[in-house]
Amino acid sequence: MTLAESLPLLMFLALGVLLFSGLPVAFVLGGVGLAFAYVGDWLGVFNAARLVIIPNRIFGGSVENLVLVAIPMFTFMGTMLEKSGVARDLLRCLQLLTWRIPGGLALSVVLMGTILAATTGIIGASVVMISMMALPVMVSQGYDQRLATGTIAASGTLGILIPPSIMLIIMADLMTLPVGTVFMAAVVPGLMLSALYLAYVVGFSALYPERAPPLPAEARPDSAAALGHLMVRSFLPPTFLIVLVLGSIFAGWATPTEASGVGAFGATLLALYNRSLNWAVLKEVCARSALTTAMLFGIFVGATCYAVVFRFLGGEEMIDNFILAMGVGPWGVLFVIMAMVFILGFFFDWIEITLIVLPVFGPIIANLDFGDHVGVWAGVDAAPLVWFTILLSVNLQTSFLTPPFGFALFYMKGVAPPEVTIQAIYRGIIPFVALQLIGLGLCVAFPALVLGLPSWLSS
């Protein structure tokens, strides 16, 4: 293989190395793309004039894509709910509702993570918020540190899968799939993971009751009336907001972009209802939403540059030839991609993996034939691609929990009590990563878990 022919491989390796440098991902993606464009031009295998395509792709694609407007709106919605105090009251309410069940406090954390996942796709905010509110209480009540940290980390990362997830919006855009269909397809897998976490907590608490003690008597509800008042104040409003946002999308009453605006407005009203809306809060929420959006769109620009150059240098053709040479068939290709994503999750964030894997392997998956296993589903166009997108999303859950660079683990350690060690956090996530892989296996074995709901709602 000549130097010119190996440029796509060298480009991929250079990206992998430089992502460890600590430089901003957007600059790494764009810088590697431009550097190899000029190397290719020097070797005579790339015409530098083709770089003019990049601005056209950016301004004619990402910038004009109305679906991506949902990103800042859902970010605003999640951040406003975090600052409004709704999450704090919600955790208290769930603790009181589950106090009779073994491991009730851990169960309330899973339930809270599930509800928060349906209000925000900001993983860092969810993990930090739940860690600050629940971890000190769990430690002080004698909970096993591994159970406490694992439950919080796994529950806080459900927002990457349960709609309205920012990651799902980006994936749908990259795969040219309807966002509403991808949202519907992710609901059952997301709730299934939550159910697996709940089952594990109940089983662990039944086997080791001393490691998951019940709520102390003084912390239990004073009366049914007091519990009812707390539910009306803290449980029903966010639940209503979730139903309003996702229900309007699934029922076809609003596009995801329109529903995101409703969600942002509704979160603001909840903050006003809780008397926590002031100028300082509004300013911080707007600033965080703008910074998150700018970061994501900066990565889009860099990824566009990288993808264009990689494609013109023959990167896609090289990968196609490699997969054909393996001779493993459609299932072998799928398992190789899933294994690669799982391994990449040990070292990279979801946005990096998504922007590297989907543009390259999406067209390959679209041409694979899984026969009757996936089949044809009424109301679901490109069913194999929708199925693959959700499989990738479930797989990427592990990227937040797997050391050495599991971001949820560092978010938690940053706000955890001093007695909680990083070793305890690492040990605590092991069973939850196993549960995530079980969930992935179920989605592979039973595509109806992914495609059943969108087909039923669309029929």
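Helix axes are lines fitted to C-alpha atoms over the stretch in contact, and the angles between them run from 0 to 180 degrees between N-to-C directions. The model is predicted, so that local features need pLDDT of at least 70 and side-chain atom pairs count only at pLDDT 80 or more, while totals for chains, interfaces and linings use all residues. Residues are numbered from 1 along each chain as its sequence is written, and side-chain values use heavy atoms, with hydrogens and water left out.

**Helix packing**
- Helix α13 (residues 279-312) and helix α16 (residues 350-366), both DSSP runs of H or I with at least four residues, pack at an angle of about 35 degrees with their axes 11 Å apart.
- The contact (heavy atoms within 4.5 Å) is made by L296, I299, F300, A303, F310 and R311 of α13 together with W350, I351, L355, P359 and V360 of α16.

- Apart from neighbours within four places in sequence, M138 is in contact with L105, A106, V109, Y143, A148 and I152.

**L66**
- L66, in the loop between α3 (53-62) and α4 (70-83), counts as exposed because its relative accessibility is 62%, where exposed means over 50%, buried under 20% and partly exposed in between (1.4 Å probe, protein chains only).
- Although L66 and E258 are 192 residues apart along the chain, their C-alpha atoms are separated by 9.8 Å.

Key. Helix = DSSP H or I, 4+ residues; strand = E, 2+ residues; numbered from the N terminus.
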